[in-house]
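Subject: Structure for you to look at

Dear colleague,

Here is the structure I said I would pass on. Please open it next to this message, as the notes below go through it part by part.

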Amino acid sequence: MERPIEQPDDQLGYLLMQASLLKLCVVNGALKKLNVTYIQFIILAAILELGATETYVTQQLVSSRRRLDKAMVSNVVKSLINKNLIRRTEHPTDHRAVVLTLTGEGVAIAREGKEITKEIDHNFFTKVNRNALQRALKKLLAD
């Protein structure tokens, strides 16, 4: 007897991807008024947050702490520099690295974006057990 073909909606990976794409679409739509994409916001927010505790925020630090691809971070940083939201300066002790800082406008957008994404997260996840989902996703990402 042949096994029935598993449908996409029966596959957790597919459903996770679809939920991620849906949330990405919602967040990008909301961030449009700030003229940034979700990934641009994530990097702005990372620089803001890491700058509060770290002496020097580098692309490598942003990439590793936020689990982001190095090349993608590099490309997004370039676009944020072109938008005058980030400045790059030479690292004082590591000449291979550059220090990332937010401009005044970059700080304002990071802060406003945090409020926007916080509200979206609250509304987006109201139909599920948020704590259980968060624990499960953290467990998956821990390895």
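This is a predicted model: local features need pLDDT of at least 70, side-chain atom pairs count only at pLDDT 80 or more; totals for chains, interfaces and linings use all residues.

Core

The largest nonpolar core has 28 residues, and the members that touch the most others are L31, V36, I43, L44, I47, V62 and I86. Two or more residues come from each of α1, α2 (38–51), α3 (59–65), α4 (70–82), β2 (98–102) and α5 (104–124). The largest share is that of α2, which gives 8 residues. In general, nonpolar side chains of soluble globular proteins tend to be buried together.

Apart from its neighbours within four places in sequence, L44 is in contact with V36, L80, L85, I86, L102, I109 and A110. Of these contacts, V36 and I86 are also listed among the core members that touch the most others.

Salt bridges

The whole structure has 5 salt bridges. Three of them are described here, beginning with the pair K23 and D121, whose closest N and O atoms are 2.8 Å apart. K23 is in helix α1 and D121 is in helix α5, so this pair ties together parts that lie 98 residues apart in sequence. K23 counts as buried, because its relative accessibility is 9%, below the 20% limit used for that class.

R66 and E49 meet through their side chains in another salt bridge, at 2.5 Å from N to O. Since R66 sits in the loop between α3 and α4 and E49 in helix α2, the pair ties together parts 17 residues apart in sequence. R66 is partly exposed at a relative accessible area of 29%, and E49 is partly exposed at 31%.

Backbone angles

Where does the backbone have a positive phi in a residue other than glycine? One place is R67, with phi near 55 degrees; R67 is in the loop between α3 and α4. R67 counts as exposed, with 61% relative accessibility. Another is N84, with phi near 60 degrees, in the loop between α4 and β1. N84 is partly exposed, its relative accessible area being 48%. For context, most residues other than glycine have a negative phi, so both places may be worth a look on screen.

H91 is placed in the loop between β1 (86–90) and β2. Is H91 buried or exposed? H91 is buried, with a relative accessible area of 9%. A polar atom of the H91 side chain lies 3.0 Å from the backbone nitrogen of D94. With its neighbours within four places in sequence left aside, H91 is in contact with Y56, T58, A97, V98 and V99.

Q59 is in helix α3 and counts as buried, at 17% relative accessibility. Not counting residues up to four places away in sequence, Q59 touches V73, S74, V77, R88, V98 and L100.

Surface patch

Finally, which residues form a nonpolar patch on the surface? They are L12, Y14, L15, M17, L21 and L24, and together they have about 550 Å² of accessible area. Taking L21 as one member, this residue lies in helix α1 (residues 12–31). L21 is partly exposed, with a relative accessible area of 45%.

That is what I have for now.

Regards

Note on methods. Residues are numbered from 1 along each chain as its sequence is written. Side-chain values use heavy atoms; hydrogens and water are left out. Patches are made of residues with over 30% relative accessible area and no salt bridge: like charges are joined within 9 Å, nonpolar side chains (Val, Leu, Ile, Met, Phe, Trp, Tyr) within 5 Å. Accessible areas come from the Shrake-Rupley method with a 1.4 Å probe; for residues, only the protein chains shown count as cover. A salt bridge is a side-chain nitrogen of Lys or Arg within 4 Å of a carboxyl oxygen of Asp or Glu. Helices (H or I, at least four residues) and strands (E, at least two) are DSSP runs, numbered from the N terminus. Buried means under 20% relative accessible area, exposed over 50%, partly exposed in between (1.4 Å probe, protein chains only). A nonpolar core is a set of buried Ala, Val, Leu, Ile, Met, Phe, Trp, Tyr and Cys residues joined through side-chain atoms within 4.5 Å. Contact means heavy atoms within 4.5 Å. A polar contact is a pair of N or O atoms within 3.5 Å; within protein, one must be able to donate a hydrogen and the other to accept it, and residues adjacent in sequence count only if both atoms are side-chain atoms.
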